[in-house]
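Work through the exercises below with the sequence and the 3D view side by side. Try each task before reading its solution.

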Amino acid sequence: MHMLAPNGSIMELDSEFVKIKAHYSGDMLIADLAATLTFVELCEEVRMLCSVAKQQPITLKWIDDEGDPCTISSQMELEEALRIYNRTKRSGLLLHVFPSIPERPGMPCPGEDSE
């Protein structure tokens, strides 16, 4: 399967679905989503999966291959997460969902810790 990257290049995806493992309020929620989903679609799916109201701001973070939390706040950042997920063949894209936004970019979300 192919996905068009913002620069016009074609990204090669190994399957039609991406397993999302969303950590939210102490629970892990799992869903198989289309590998071609957009950032907006991901946010909508995560809101439904985690039962987060549409007006509630959320922050999505994933753990990269070096163990660092990375925010997904745009289509470009989602595509980078999917590219690395596809390369490392992990059992799912591990997302941490926070019902808040950081005070400043690059700062942790309220309630976020190193665990």
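**Exercise 1. Find the order of the strands in the open sheet.**

Solution. Five strands form the open sheet, in the order β4-β3-β7-β5-β6, with mixed pairing. Strands are DSSP runs of E with at least two residues, and helices are runs of H or I with at least four, numbered from the N terminus. Two strands pair if DSSP finds at least two bridges between them. β4 (27-34) and β6 (69-72) are the edges; each has a single partner strand, so one side of each lacks a neighbour in the sheet. On average, neighbouring strands are turned by 35 degrees against each other, direction ignored.

This is a predicted model: local features need pLDDT of at least 70, side-chain atom pairs count only at pLDDT 80 or more, and totals for chains, interfaces and linings use all residues. Residues are numbered from 1 along each chain as its sequence is written, and side-chain values use heavy atoms, without hydrogens and water.

**Exercise 2. Work out how β5 joins β6.**

Solution. Strand β5 (residues 59-63) runs antiparallel to β6, with four bridges between them. W62 has C70 in β6 as its bridge partner.

**Exercise 3. Check the span of helix α2.**

Solution. Take 1.5 Å times one less than the number of residues. For the 14 residues of α2 (residues 75-88), that gives 20 Å. The end C-alpha atoms are 20 Å apart, so the two agree. Buried residues (under 20% relative accessible area) of α2 include L78, L82 and Y85.

Methods:
Buried < 20%, exposed > 50% of the residue type's maximum accessible area, 1.4 Å probe, protein only. Axes fitted to C-alpha atoms, helices over the stretch in contact; angles between N-to-C directions.
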